[in-house]
Amino acid sequence: MRSVLAELNDVVGVKGSLVVTTDGMVVASLLSRQLDEDFVAAMAASVIQRTRRAMSEAGMGSFTRTAVVATHGKVIVTDAGPAFLVVVMDHNVETGPADIEIQSAAMRIRNYGEIRI
Amino acid sequence: MRFLDRLKRSRELARLSRTAWSTPSPTALGELAERHIAAGEIDAALDVAERGLELFPESDRLRQVRVFTRKKQLAGRIRKLRDEIGRHPTPTAYTQLAELLRELGYDDEALETAARCAERFPDADGPHLVEGRIRFDRFLQHHIARDAELAEDALRRAAERNWSNPQTHALLGELYHLVGSTAACRHHLSALVELCPDDQATKAFLYDLTNQPSTSHVDGEFGDRAREVEDSGVFAQAQEQFPHSSTAPIAVTRLNSEALTSHIESLAAVAGMRNVLILNEEEAVLAARASEDGLEPPRFARLARSLSASSRTASRRMDTGELVRVEVQCPAGNVMVARAHGVVVAIQHGDEIRSAAAWTAVQDFMAAHIEQTEVAHA
């Protein structure tokens, strides 16, 4: 799984990526030194849980992808089957070109099947 | 290119410029800037991007133009510094490179360069000063407590390594001033005055600070004070009071809420739109529209508020700054909640319109109703 993240991190603008479960357990991680793994995982889990709850209460079901775009960075969270792929990106780079790579990485992670920690 | 072709192009650009500035929008100004780039007019493109970003700070397109053009301008210097670091690394070269990257807006690369310098030259204050400056600027812009804490940490490291750098004391003094840590502010301004005895403005300010009747000798926890600033959205002390305050005045744009709400149909009419919602800063509903396949407005409003709140907290805590927008995709529909210019605009759209196009539509909708531009400090 780290090889999937390593390929993803080569994409322009990607600062790091990790795979987390919905309760914030890190399955695999490759982040730049500026990012704290535990912190990013915890915050990503919070986003996943709260987004899921909000969408469910609105009757819209599960989400496949969420992007939090902020002034100094972007975080893309993609459903990857038993876990979620979290990609942290530079704010100067458009997500569009990276989206294909992210979707491809999520699919490869999904194909791993059951994830054991 | 022949003279007549150049003249024709020049006239066309002039016409485009007049049109773009008469009814500015991120799209119009982005196109104008890109036309300047295509014409080789890098300085003109940069000017459009910078002026455009004052009006539309959330525009990705204008930000990318600015980064591109400034990179073009600074490419030679950056290459030279990288070569120098490769051949004969010094703290000065690293620090200059980090500063250039910071100017370009490549904060992460600047921080990475500063970190490499700090590892290689542990006694150098330069890299810590660069890191402190980046974090301080972010705190000025967005009032996020984490940025203030990281700024303080970095600047204190810089001061420990080189007590004789006036810039470090000036930044620390201003940081403490902004969170209301008066005793710490006085401490660093005293050091600054010793290093720069001719600085009358700082002397006068320090005198006033020392002789305030309510001056406390105990500041309390810096982190707590920074969080008070984040929660209130307001600095403990006015920035313009501080001598040689570090930022220039900025343009502040607000949206005409009445015009926005009365023209909501124009956004609702975009193909694929199912819900459009406008909230004010307090997240009260100003206007809402829902198509047949959209959610009922009260339900959509609850969804928008929830997504906005959770994403805003996450973006601050994950060190990505202040939330601009959150996008959520699911088989039932796609939701976007954007915060800009004092309002929140939320939409739900189907797959007939791509997220990027939906974001452009939202930006152009907001741009059409900008009310005023006032000049303020950060």
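In chain B, helix α1 (residues 3–22) contains B:L7; helices are DSSP runs of H or I of at least four residues, strands are E runs of at least two, and both are numbered from the N terminus. The model is predicted, with local features requiring pLDDT of at least 70 and side-chain atom pairs pLDDT 80 or more, whereas totals for chains, interfaces and linings use all residues. Residues are numbered from 1 along each chain as its sequence is written, chains are lettered from A in the order in which they are written, and side-chain values use heavy atoms, without hydrogens and water.

B:L7 is partly exposed, at a relative accessible area of 31% (buried denotes under 20%, exposed over 50%, and partly exposed the range in between, with a 1.4 Å probe and protein chains only).

Strand β4 of chain B (residues 323–330) is largely enclosed by the rest of the structure, because seven of its eight residues are buried. Six bridges join β4(B) in the antiparallel sense to strand β3 (residues 65–70) of chain A, pairing being assigned where DSSP finds at least two bridges between strands. Here A:A70 stands opposite B:L323. β4(B) also runs antiparallel to β5(B) (residues 333–340), again over six bridges, with B:Q329 opposite B:N334. Two residues separate β4(B) and β5(B), which form a hairpin.
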